[in-house]
Amino acid sequence: MGFDQWFQSHVSDLHQEGRDIARISAVDRGSYLIRNQTKEVPAELSGKLYFQAESSIDLPCIGDWVTVKYHNNDAAAIIHEVFPRKTILRRKSAGEKVDFQMIAANIDVAFIVQSCHFDFNVRRMDRYLVMAADGGVEPIVVLTKTDLITPEELGKKLAAITSSTITARVLALSNVTGIGFDEFQQVLVPGKTYCLIGSSGVGKTTLLNRLIGQDAFDTKAVSGTGEGKHTTSRRQLIVLNQGSMLIDTPGMRELGLLGVTEGVNQGFEDIIELSMACRYADCSHTQESGCAVLTAIAQGELAEAHYSNYLKLRKESEHYEMSYLDKRKKDRAFGRFVKTVKKNKQKGET
Ligand SMILES: Nc1nc2c(ncn2[C@@H]2O[C@H](COP(=O)(O)OP(=O)(O)OP(=O)(O)O)[C@@H](O)[C@H]2O)c(=O)[nH]1
Ligand SMILES: [Mg+2]
Ligand SMILES: [Zn+2]
(Lines give C-alpha, C1' and ligand atoms only; values in the text may rest on other atoms or scores of the structure.)
(Ligands and ions follow the chains in the order given, each with its own letter.)
Protein backbone atom coordinates (compact mmCIF):
# COMPACT_ATOMS: atom_id res chain seq x y z
CA MET A 1 0.00 0.00 0.00
CA GLY A 2 2.90 2.30 -0.51
CA PHE A 3 4.74 1.66 2.76
CA ASP A 4 8.16 1.99 1.23
CA GLN A 5 11.76 2.31 2.39
CA TRP A 6 11.18 5.89 3.45
CA PHE A 7 8.49 4.94 5.97
CA GLN A 8 10.39 1.80 6.93
CA SER A 9 13.28 3.99 8.01
CA HIS A 10 11.02 5.83 10.43
CA VAL A 11 9.63 2.75 12.13
CA SER A 12 12.24 2.85 14.89
CA ASP A 13 11.22 6.41 15.86
CA LEU A 14 7.83 5.18 16.96
CA HIS A 15 6.67 3.06 19.85
CA GLN A 16 6.04 -0.17 18.14
CA GLU A 17 5.47 -2.66 20.93
CA GLY A 18 2.25 -4.54 20.41
CA ARG A 19 1.19 -2.17 17.69
CA ASP A 20 0.56 -2.62 14.02
CA ILE A 21 0.99 -0.30 11.10
CA ALA A 22 -2.00 0.77 9.01
CA ARG A 23 -3.02 3.52 6.67
CA ILE A 24 -5.82 6.04 7.14
CA SER A 25 -8.30 5.24 4.38
CA ALA A 26 -11.24 7.48 5.24
CA VAL A 27 -11.76 10.58 7.32
CA ASP A 28 -15.15 12.00 8.12
CA ARG A 29 -14.82 14.71 10.72
CA GLY A 30 -13.67 12.83 13.84
CA SER A 31 -14.20 9.32 12.48
CA TYR A 32 -11.58 7.24 10.77
CA LEU A 33 -11.23 4.09 8.76
CA ILE A 34 -7.86 2.42 8.61
CA ARG A 35 -6.67 -0.36 6.39
CA ASN A 36 -3.83 -2.77 5.93
CA GLN A 37 -3.30 -5.42 3.26
CA THR A 38 -6.24 -7.48 4.37
CA LYS A 39 -8.93 -5.38 5.99
CA GLU A 40 -10.48 -1.99 6.59
CA VAL A 41 -11.87 -1.19 10.05
CA PRO A 42 -13.16 1.83 11.98
CA ALA A 43 -10.67 3.51 14.29
CA GLU A 44 -10.51 6.17 16.97
CA LEU A 45 -7.74 8.39 18.22
CA SER A 46 -6.02 7.53 21.47
CA GLY A 47 -6.56 10.16 24.15
CA LYS A 48 -2.87 10.92 24.17
CA LEU A 49 -2.71 11.55 20.45
CA TYR A 50 -5.79 13.74 20.60
CA PHE A 51 -4.71 15.85 23.57
CA GLN A 52 -1.13 16.25 22.48
CA ALA A 53 -2.11 17.62 19.08
CA GLU A 54 -1.39 21.31 18.95
CA SER A 55 -3.37 21.87 15.78
CA SER A 56 -5.38 19.87 13.29
CA ILE A 57 -2.18 19.27 11.35
CA ASP A 58 -0.92 16.97 14.11
CA LEU A 59 -3.96 14.71 13.78
CA PRO A 60 -4.11 11.88 11.27
CA CYS A 61 -5.40 12.74 7.83
CA ILE A 62 -6.22 10.70 4.78
CA GLY A 63 -3.17 8.88 3.45
CA ASP A 64 -1.30 8.96 6.76
CA TRP A 65 0.54 5.94 8.04
CA VAL A 66 -0.22 5.30 11.69
CA THR A 67 0.51 2.83 14.46
CA VAL A 68 -2.62 1.15 15.78
CA LYS A 69 -3.81 -1.34 18.30
CA TYR A 70 -6.69 -3.58 17.27
CA HIS A 71 -9.45 -4.65 19.61
CA ASN A 72 -12.86 -6.36 19.36
CA ASN A 73 -11.32 -9.32 17.55
CA ASP A 74 -9.55 -6.96 15.18
CA ALA A 75 -12.83 -5.36 14.18
CA ALA A 76 -11.85 -1.91 15.45
CA ALA A 77 -8.69 -0.05 16.37
CA ILE A 78 -7.15 2.78 18.34
CA ILE A 79 -4.73 5.06 16.52
CA HIS A 80 -1.65 5.84 18.58
CA GLU A 81 0.90 7.61 16.45
CA VAL A 82 1.23 9.28 13.08
CA PHE A 83 4.28 8.52 10.96
CA PRO A 84 6.25 11.45 9.60
CA ARG A 85 4.76 12.55 6.27
CA LYS A 86 6.68 12.11 3.06
CA THR A 87 4.56 14.64 1.17
CA ILE A 88 1.55 16.75 2.05
CA LEU A 89 -1.31 18.60 0.43
CA ARG A 90 -2.53 21.37 2.64
CA ARG A 91 -4.26 24.66 2.23
CA LYS A 92 -4.71 27.80 4.19
CA SER A 93 -7.98 27.74 6.07
CA ALA A 94 -10.48 30.51 5.60
CA GLY A 95 -10.28 33.37 8.06
CA GLU A 96 -7.74 35.86 9.18
CA LYS A 97 -5.54 33.58 11.21
CA VAL A 98 -2.81 31.88 9.23
CA ASP A 99 -3.79 28.32 9.82
CA PHE A 100 -3.48 25.28 7.65
CA GLN A 101 -5.80 22.46 6.92
CA MET A 102 -4.55 19.10 5.76
CA ILE A 103 -6.08 17.72 2.59
CA ALA A 104 -4.06 14.52 2.29
CA ALA A 105 -0.69 13.04 3.17
CA ASN A 106 1.81 10.79 1.43
CA ILE A 107 0.52 11.46 -2.05
CA ASP A 108 2.75 10.71 -5.01
CA VAL A 109 0.75 12.51 -7.65
CA ALA A 110 -2.05 15.08 -7.33
CA PHE A 111 -4.54 15.23 -10.18
CA ILE A 112 -5.59 18.83 -10.39
CA VAL A 113 -9.01 18.46 -11.95
CA GLN A 114 -10.78 21.25 -13.81
CA SER A 115 -13.73 21.00 -16.09
CA CYS A 116 -13.23 22.43 -19.59
CA HIS A 117 -16.58 23.98 -19.31
CA PHE A 118 -17.39 26.52 -16.58
CA ASP A 119 -14.63 25.73 -14.19
CA PHE A 120 -11.61 26.34 -16.42
CA ASN A 121 -9.31 28.96 -14.92
CA VAL A 122 -5.55 29.04 -15.42
CA ARG A 123 -4.87 31.23 -12.41
CA ARG A 124 -6.73 28.91 -10.10
CA MET A 125 -4.91 25.99 -11.69
CA ASP A 126 -1.70 27.74 -10.82
CA ARG A 127 -2.70 28.02 -7.18
CA TYR A 128 -3.29 24.31 -6.98
CA LEU A 129 0.09 23.75 -8.60
CA VAL A 130 1.72 25.94 -5.97
CA MET A 131 0.01 23.90 -3.30
CA ALA A 132 1.30 20.65 -4.77
CA ALA A 133 4.83 22.01 -5.16
CA ASP A 134 4.79 23.27 -1.57
CA GLY A 135 4.02 19.80 -0.31
CA GLY A 136 6.46 17.93 -2.55
CA VAL A 137 3.69 16.35 -4.64
CA GLU A 138 3.98 15.90 -8.40
CA PRO A 139 1.03 17.56 -10.14
CA ILE A 140 -0.82 16.46 -13.27
CA VAL A 141 -3.58 18.64 -14.67
CA VAL A 142 -6.73 16.82 -15.74
CA LEU A 143 -9.31 18.62 -17.87
CA THR A 144 -12.70 16.88 -17.79
CA LYS A 145 -15.92 17.30 -19.77
CA THR A 146 -14.22 17.74 -23.13
CA ASP A 147 -17.51 16.50 -24.63
CA LEU A 148 -19.11 19.82 -23.73
CA ILE A 149 -16.80 21.95 -25.87
CA THR A 150 -15.57 21.85 -29.46
CA PRO A 151 -12.09 20.57 -30.34
CA GLU A 152 -11.18 24.15 -31.28
CA GLU A 153 -12.20 25.42 -27.87
CA LEU A 154 -10.22 22.64 -26.23
CA GLY A 155 -7.23 23.59 -28.34
CA LYS A 156 -7.50 27.16 -27.11
CA LYS A 157 -7.68 26.05 -23.50
CA LEU A 158 -4.64 23.82 -23.87
CA ALA A 159 -2.80 26.69 -25.54
CA ALA A 160 -3.75 28.98 -22.65
CA ILE A 161 -2.08 26.54 -20.28
CA THR A 162 1.05 26.06 -22.37
CA SER A 163 1.50 29.77 -22.84
CA SER A 164 1.27 30.36 -19.08
CA THR A 165 4.05 29.48 -16.66
CA ILE A 166 2.54 26.04 -16.10
CA THR A 167 4.83 23.17 -17.05
CA ALA A 168 2.87 20.29 -15.52
CA ARG A 169 1.62 17.49 -17.70
CA VAL A 170 -1.94 18.07 -18.94
CA LEU A 171 -4.47 15.34 -19.75
CA ALA A 172 -7.88 15.99 -21.26
CA LEU A 173 -10.74 13.54 -21.09
CA SER A 174 -14.46 13.02 -21.11
CA ASN A 175 -16.19 10.76 -18.64
CA VAL A 176 -19.14 10.67 -21.01
CA THR A 177 -17.50 9.59 -24.26
CA GLY A 178 -14.46 7.98 -22.65
CA ILE A 179 -12.07 9.87 -24.90
CA GLY A 180 -8.76 10.40 -23.13
CA PHE A 181 -9.59 7.93 -20.38
CA ASP A 182 -7.06 5.30 -21.45
CA GLU A 183 -4.26 7.80 -21.35
CA PHE A 184 -5.33 8.80 -17.86
CA GLN A 185 -5.45 5.21 -16.69
CA GLN A 186 -1.96 4.56 -18.01
CA VAL A 187 -0.55 7.18 -15.68
CA LEU A 188 -1.47 5.09 -12.64
CA VAL A 189 1.39 3.00 -11.28
CA PRO A 190 0.78 0.15 -8.80
CA GLY A 191 1.88 0.99 -5.26
CA LYS A 192 1.61 4.72 -5.79
CA THR A 193 -0.95 7.02 -4.23
CA TYR A 194 -2.94 9.57 -6.21
CA CYS A 195 -5.28 12.31 -5.09
CA LEU A 196 -8.08 14.03 -6.99
CA ILE A 197 -8.44 17.70 -6.10
CA GLY A 198 -10.47 20.51 -7.65
CA SER A 199 -13.73 22.40 -7.46
CA SER A 200 -17.03 20.73 -6.77
CA GLY A 201 -18.82 19.24 -9.75
CA VAL A 202 -15.84 18.86 -12.07
CA GLY A 203 -16.20 15.08 -12.20
CA LYS A 204 -13.66 13.75 -9.70
CA THR A 205 -15.92 11.03 -8.33
CA THR A 206 -17.23 10.18 -11.79
CA LEU A 207 -13.65 9.58 -12.85
CA LEU A 208 -13.06 7.36 -9.83
CA ASN A 209 -16.22 5.36 -10.58
CA ARG A 210 -15.03 4.89 -14.14
CA LEU A 211 -11.72 3.54 -12.87
CA ILE A 212 -13.34 0.96 -10.63
CA GLY A 213 -15.86 0.15 -13.33
CA GLN A 214 -19.00 0.77 -11.32
CA ASP A 215 -20.99 3.59 -9.78
CA ALA A 216 -19.80 2.84 -6.29
CA PHE A 217 -19.67 6.44 -5.15
CA ASP A 218 -22.23 9.21 -5.35
CA THR A 219 -22.04 11.85 -8.04
CA LYS A 220 -24.52 14.61 -8.69
CA ALA A 221 -25.52 16.69 -11.68
CA VAL A 222 -24.42 20.30 -11.47
CA SER A 223 -26.71 23.29 -11.91
CA GLY A 224 -27.02 25.18 -15.19
CA THR A 225 -24.44 27.74 -14.17
CA GLY A 226 -21.92 25.00 -13.66
CA GLU A 227 -21.68 25.67 -9.99
CA GLY A 228 -20.94 22.52 -8.05
CA LYS A 229 -23.01 21.41 -5.10
CA HIS A 230 -20.56 19.38 -2.99
CA THR A 231 -21.55 15.80 -3.46
CA THR A 232 -18.56 14.07 -1.92
CA SER A 233 -18.44 14.85 1.78
CA ARG A 234 -15.55 12.79 3.05
CA ARG A 235 -12.09 11.91 1.96
CA GLN A 236 -11.44 8.30 1.15
CA LEU A 237 -8.68 6.18 -0.20
CA ILE A 238 -9.62 3.50 -2.69
CA VAL A 239 -7.27 0.67 -3.61
CA LEU A 240 -7.72 -0.01 -7.31
CA ASN A 241 -7.55 -3.52 -8.73
CA GLN A 242 -4.29 -2.88 -10.48
CA GLY A 243 -2.70 -1.89 -7.17
CA SER A 244 -2.57 1.88 -7.16
CA MET A 245 -4.41 3.98 -4.62
CA LEU A 246 -6.67 6.89 -5.34
CA ILE A 247 -8.01 9.45 -2.89
CA ASP A 248 -11.21 11.30 -3.72
CA THR A 249 -11.78 14.59 -1.93
CA PRO A 250 -14.76 16.92 -1.56
CA GLY A 251 -14.64 19.83 -3.98
CA MET A 252 -12.89 22.91 -2.75
CA ARG A 253 -14.90 26.05 -2.82
CA GLU A 254 -11.90 28.25 -2.45
CA LEU A 255 -8.23 27.85 -2.20
CA GLY A 256 -6.86 30.24 0.35
CA LEU A 257 -3.35 30.13 -0.98
CA LEU A 258 -3.23 33.67 -2.17
CA GLY A 259 -2.33 36.14 0.48
CA VAL A 260 -3.23 39.64 -0.66
CA THR A 261 0.42 40.46 -0.28
CA GLU A 262 2.29 37.40 -1.50
CA GLY A 263 0.28 35.56 -4.13
CA VAL A 264 -1.16 38.55 -5.90
CA ASN A 265 2.20 40.17 -6.19
CA GLN A 266 3.53 37.22 -8.10
CA GLY A 267 3.76 38.22 -11.74
CA PHE A 268 3.01 41.83 -10.91
CA GLU A 269 6.38 42.85 -9.57
CA ASP A 270 6.38 45.84 -11.93
CA ILE A 271 3.22 47.20 -10.38
CA ILE A 272 4.49 46.60 -6.86
CA GLU A 273 7.65 48.46 -7.69
CA LEU A 274 5.73 51.39 -9.15
CA SER A 275 3.48 51.52 -6.09
CA MET A 276 6.47 52.38 -3.91
CA ALA A 277 6.30 55.82 -5.49
CA CYS A 278 2.59 56.38 -4.82
CA ARG A 279 1.83 59.36 -2.59
CA TYR A 280 -0.22 57.34 -0.09
CA ALA A 281 1.09 54.19 1.51
CA ASP A 282 -2.33 52.54 1.34
CA CYS A 283 -2.96 53.67 -2.23
CA SER A 284 -5.45 51.41 -3.99
CA HIS A 285 -4.11 52.45 -7.41
CA THR A 286 -7.60 53.11 -8.69
CA GLN A 287 -8.32 56.82 -8.21
CA GLU A 288 -5.85 58.47 -5.83
CA SER A 289 -4.00 61.56 -6.84
CA GLY A 290 -0.28 60.99 -6.89
CA CYS A 291 -0.72 57.32 -7.80
CA ALA A 292 2.40 56.21 -9.62
CA VAL A 293 0.64 53.21 -11.14
CA LEU A 294 -2.08 55.32 -12.77
CA THR A 295 0.54 57.77 -13.94
CA ALA A 296 2.50 54.98 -15.59
CA ILE A 297 -0.61 53.82 -17.43
CA ALA A 298 -1.39 57.36 -18.57
CA GLN A 299 2.15 57.67 -19.88
CA GLY A 300 1.94 54.37 -21.66
CA GLU A 301 4.62 52.77 -19.51
CA LEU A 302 2.29 50.14 -18.10
CA ALA A 303 -0.06 48.02 -20.21
CA GLU A 304 -3.68 48.52 -19.35
CA ALA A 305 -4.56 44.86 -19.76
CA HIS A 306 -1.82 43.89 -17.32
CA TYR A 307 -3.15 46.42 -14.84
CA SER A 308 -6.73 45.21 -15.14
CA ASN A 309 -5.55 41.63 -14.60
CA TYR A 310 -3.89 42.81 -11.45
CA LEU A 311 -7.10 44.44 -10.22
CA LYS A 312 -9.12 41.36 -11.04
CA LEU A 313 -6.79 39.02 -9.21
CA ARG A 314 -6.60 41.37 -6.25
CA LYS A 315 -10.36 41.57 -6.00
CA GLU A 316 -10.66 37.83 -6.10
CA SER A 317 -8.02 37.42 -3.48
CA GLU A 318 -9.50 40.04 -1.17
CA HIS A 319 -12.76 38.24 -1.43
CA TYR A 320 -11.11 35.02 -0.32
CA GLU A 321 -9.23 36.70 2.45
CA MET A 322 -12.21 38.43 3.92
CA SER A 323 -13.47 36.72 6.99
CA TYR A 324 -17.08 35.78 7.27
CA LEU A 325 -17.65 38.64 9.69
CA ASP A 326 -16.17 41.16 7.30
CA LYS A 327 -18.40 39.89 4.53
CA ARG A 328 -21.45 40.30 6.73
CA LYS A 329 -20.38 43.80 7.73
CA LYS A 330 -19.76 44.77 4.16
CA ASP A 331 -23.10 43.37 3.02
CA ARG A 332 -24.89 45.33 5.70
CA ALA A 333 -23.05 48.53 4.90
CA PHE A 334 -23.93 48.06 1.26
CA GLY A 335 -27.56 47.46 2.16
CA ARG A 336 -27.65 50.76 4.05
CA PHE A 337 -26.00 52.52 1.15
CA VAL A 338 -28.60 51.22 -1.29
CA LYS A 339 -31.39 52.37 1.04
CA THR A 340 -29.96 55.89 1.28
CA VAL A 341 -29.58 56.15 -2.46
CA LYS A 342 -33.16 55.04 -2.95
CA LYS A 343 -34.42 57.53 -0.35
CA ASN A 344 -32.50 60.40 -1.89
CA LYS A 345 -33.77 59.48 -5.29
CA GLN A 346 -37.35 59.54 -4.07
CA LYS A 347 -36.76 62.92 -2.45
CA GLY A 348 -35.38 64.27 -5.67
CA GLU A 349 -38.40 63.05 -7.56
CA THR A 350 -40.96 64.76 -5.39
N1 LIG B 1 -20.69 16.09 -19.77
C2 LIG B 1 -19.90 15.57 -18.83
N3 LIG B 1 -20.35 15.46 -17.56
C4 LIG B 1 -19.53 14.94 -16.64
C5 LIG B 1 -18.21 14.52 -16.93
N6 LIG B 1 -17.65 14.08 -15.79
C7 LIG B 1 -18.57 14.22 -14.84
N8 LIG B 1 -19.70 14.73 -15.32
C9 LIG B 1 -20.93 15.05 -14.57
O10 LIG B 1 -20.65 16.13 -13.69
C11 LIG B 1 -21.45 16.01 -12.51
C12 LIG B 1 -20.57 16.13 -11.26
O13 LIG B 1 -19.68 15.06 -11.21
P14 LIG B 1 -19.04 14.54 -9.84
O15 LIG B 1 -18.19 13.39 -10.20
O16 LIG B 1 -20.08 14.36 -8.80
O17 LIG B 1 -18.13 15.78 -9.44
P18 LIG B 1 -17.12 15.90 -8.20
O19 LIG B 1 -15.91 16.61 -8.72
O20 LIG B 1 -16.91 14.59 -7.57
O21 LIG B 1 -17.91 16.89 -7.22
P22 LIG B 1 -17.79 17.00 -5.60
O23 LIG B 1 -17.92 15.63 -5.04
O24 LIG B 1 -18.91 17.90 -5.20
O25 LIG B 1 -16.45 17.60 -5.33
C26 LIG B 1 -22.16 14.67 -12.62
O27 LIG B 1 -23.47 14.90 -13.07
C28 LIG B 1 -21.38 13.94 -13.68
O29 LIG B 1 -22.16 13.00 -14.39
C30 LIG B 1 -17.77 14.63 -18.30
O31 LIG B 1 -16.63 14.29 -18.66
N32 LIG B 1 -18.65 15.17 -19.19
MG1 LIG C 1 -17.22 13.92 -5.68
ZN1 LIG D 1 -1.17 53.99 -6.39
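1. Lysine 86 counts as buried because it has 20 C-beta neighbours inside 10 Å, where buried denotes 20 or more other C-beta atoms within 10 Å of a residue's own, exposed 12 or fewer, and partly exposed anything in between, with C-beta atoms placed from the backbone. The place of this lysine is in the loop between strand E5 (76–82) and strand E6 (88–92), helices (H or I, at least four residues) and strands (E, at least two) being DSSP runs numbered from the N terminus. Leaving aside neighbours within four places in sequence, lysine 86 is in contact with Trp6 and Asn106, contact being defined by C-beta atoms, placed from the backbone, that lie within 7 Å. Lysine 86 is also 9.3 Å from valine 137, C-alpha to C-alpha, although 51 residues separate the two in sequence.

2. On provenance, this is a predicted model, in which local features need pLDDT of at least 70 and side-chain atom pairs count only at pLDDT 80 or more, while totals for chains, interfaces and linings use all residues. Residues are numbered from 1 along each chain as its sequence is written, and chains are lettered from A and ligands numbered from 1 in the order in which they are written.

3. Turning to the whole protein, there are 11 helices and 13 strands, and buried residues make up 30% of the 350 residues. Of the contacts with a separation of 6 or more, 64% are between residues 24 or more positions apart.

4. Among the buried residues of H3 are Arg124, Asp126 and Arg127, and the cover over its buried residues includes E6, strand E8 (109–115), strand E9 (138–144) and strand E11 (193–197).

5. The buried residues of helix H6 are Lys204, Thr205, Leu207 and Leu208. Seen down the axis of H6, they fall within an arc of 155 degrees, so they line one face of the helix, the arc being that of the directions from the helix axis to the C-beta atoms. Just after H6, glycine 213 takes a positive phi of about 75 degrees.

6. Helix H6 (residues 204–212) also gives the largest share of the shell around ligand 1, three residues. Of the 24 residues around ligand 1, Gly203, Thr205, Thr219, Thr232 and Gly251 come nearest, a residue being near if its C-beta atom, placed from the backbone, lies within 6 Å.

How values were computed. Contact = placed C-beta atoms within 7 Å.
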